[in-house]
Amino acid sequence: MAATLRLNYMSYHTPSWWKEATAYQIYPRSFNDSNGDGIGDLAGITEKLDYLGELGIDLLWISPVYQSPNADNGYDISDYREIMDEFGTMGDMTELIRAAHGRGIRIVMDLVVNHTSDKHAWFRSSRSNPEGPYGDYYIWGAGRNGGPPNNWLSAFGGEAWSFDERRGQYYLHIYTPNQPDLNWDNPRLRADIYAMMRFWLERGVDGFRMDVINQISKPPALPDDTDPAPGTRPGFRFYTNGPNVHSHIREMNAEVLSHYDIVTIGEMHATGTEEALRYVSPERNELDMIFHFEHMLLDAGPGGKWDVRPIDLDELKRVFTRWQQALHGRGWNSLFLNNHDYPRMVSRFGDDGEYRVQSAKLLAGVTYLMQGTPFLFQGEEIGMTNASFETIESYRDVETLNYYAEQRAAGVAEAEIMRRIHLASRDNARTPFQWNGVQGAGFTTGTPWIPLNDNYRSINLAAQWDEPDSVLSFYRRLIRLRKESAAALYGDFEVIEEAASPLFVYRRQTEGEMLTVVANLSSTKHAAPQETGRGTLALSNYADGSPNITALRPWELVVLTGAPVQPR
Ligand code: GLC
Ligand code: CA
């Protein structure tokens, strides 16, 4: 049994609003279309604030809404101080912030500053005027032997360098050629970014989710990568948690973040607990939380994300436990099982067939009752599932389309490529929110920019609204329970059932309260552990859940409260 820290929990965790918040990620394109053009928009979000408030949400992370040519759905920004035409106007944004704050809901914007769009004014100037003020805002390099400066590859296929005819040099792009990487070693670029951040904070924004923020620092020598780690691309190990990343973030904190009452969450691939603590330990003055991906990559085989393997449950429990214990009293976790870059959680970690309802509830309960701030992704609260479109024509995501073309060119059979796309495409999570069962699913009166998931007629919010056993009703209860329980918010974490069992059983305790979470992560029955006899029922995912059970049904979750037990 792993050791648990048992000191005064409050001395460990200074309470704060963002630790107690329940966050909800909106992918605006697919949330709610207010004007019938098939694309979700800001006014559409404002229309749904009452719904979000009623669910218990008090923090929104909104994926990028800035001006963008949409090579990567807004993650390619051409103007940081304007709103994307399709999403509305600055007036709509002001109204959204005002209306959200009026309901006690805070707003976190997506800060995409590893790269801009190639249509950004800085890049246009950098290309055409190397000696000018923006000449050094990007990462330029001379070719080598008729090819690019080094062998790094792009995350979305192909080389990480493109040749620019105008400037006669190559520029680095870790993502698509339309997303040139910014040169963070240039202090003038950093000052411009900070000014832009203040622009939004002064407009009332409550924080930032920072896109691939641990990739902003590249080693100046830009070395060839002759030995990439298995499953990673050449270059990845050099630009991930690179040489100046901590000094840049500390400077950003001193210049901007520390002057506002905000929350910051850094998106960080390939970051383990030790490195994470360098970002989130309060005394280091960097960020509040990170999104790490250790649990999100457990189904990636040797061939990477498209090479999907079954998830090893023991490994999942070990990852959760490691993060809970490593950050306890020293940092703060984010809690999530899906977002706009990954498949739907119920299709991936649960059972989206016979036990869809039970497993969707269980996954939420078991994840969000750990210590940390939950980040729900739109649609999970009604148990939305993967899309699995029949043909590639229905897909929109640049990563998916590039992968398809690459694999076709390599001679892989169509059916095999589609099988992989059904499992791993980012579009699984990007189909429109299913508000109701009529044409357009209540998302749009027009033609949606990406097809709806066919199952919207049965899986939708309207059908679950008044239904006490629905996934939605469970989420309402879960969010309330977490808010009202000191043990759920700040208690310590102890695993009871560890390895070689589909059960995940843990206990959260403060001086005054104990919460025990008992979950059967499988489609078969299992004998219940002793813990189920102790305490009163706080939450269950079956209509007739009870604390006194001898066996757990498929995907059954039982949460108990009671007086704390003595440390063993
Ligand atoms: C992040 C975003 C993803 C985007 C990428 C490049 O991982 O979440 O959607 O494609 O960064 O900006
Ligand atoms: Ca619209």
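The structure is a predicted model, in which local features need pLDDT of at least 70 and side-chain atom pairs count only at pLDDT 80 or more, while totals for chains, interfaces and linings use all residues. Residues are numbered from 1 along each chain as its sequence is written, chains are lettered from A and ligands numbered from 1 in the order in which they are written, and side-chain values use heavy atoms, with hydrogens and water left out.

The protein chain is assigned domain 1 (16-114 + 187-386 + 456-471) and domain 2 (115-181), with bounds that come from an automatic or database domain assignment. Taken over C-alpha atoms, the centres of the two domains are 27 Å apart. Contact between them (heavy atoms within 4.5 Å) involves 30 residues of domain 1 and 28 residues of domain 2. The size of an interface is often given as the accessible area lost when the parts come together. Here the buried area (the accessible area, with a 1.4 Å probe, that two parts lose on being put together, summed over both) is about 2400 Å², with 56% of it on carbon and sulfur atoms. Asn-114, Leu-222 and Asp-224 provide 22% of the area that domain 1 buries against domain 2, more than any other three residues.

Turning to polar features, 18 residue pairs, both at pLDDT 80 or more, are in polar contact across this interface. A polar contact is a pair of N or O atoms within 3.5 Å; within protein, one must be able to donate a hydrogen and the other to accept it, and residues adjacent in sequence count only if both atoms are side-chain atoms. On the side of domain 1 that touches domain 2, two or more residues each come from strand S4 (79-83), helix H7 (187-202) and helix H8 (236-239), where helices (H or I, at least four residues) and strands (E, at least two) are DSSP runs numbered from the N terminus. H7 gives the largest share of that side, 4 residues.

Salt bridges (a side-chain nitrogen of Lys or Arg within 4 Å of a carboxyl oxygen of Asp or Glu) number 36 in the whole structure, and 2 are found across the interface of domain 1 and domain 2. Asp-181 and Lys-218 form a salt bridge, with their closest N and O atoms 2.7 Å apart. Asp-181 is buried at 0% relative accessible area, and Lys-218 is likewise buried at 5%; buried means under 20%, exposed over 50% and partly exposed in between (1.4 Å probe, protein chains only). Another salt bridge joins Glu-494 and Arg-507, whose closest N and O atoms are 3.7 Å apart. This pair links strand S16 (residues 492-497) to strand S17 (residues 503-509), its partners being 13 residues apart. Lys-119 and Asp-118 also pair, at 3.2 Å from N to O; Lys-119 is partly exposed at 37%, whereas Asp-118 is buried at 15%.

Two loop residues complete the picture. Gln-371, in the loop between helix H13 (356-368) and strand S15 (373-377), is buried at 3%. A polar atom of the Gln-371 side chain lies 3.1 Å from the backbone oxygen of Gly-491. Trp-435 sits between helix H15 (414-424) and helix H16 (461-464) and is buried at 5%. Its C-alpha atom is 9.4 Å from that of Ile-382, 53 residues away along the chain.
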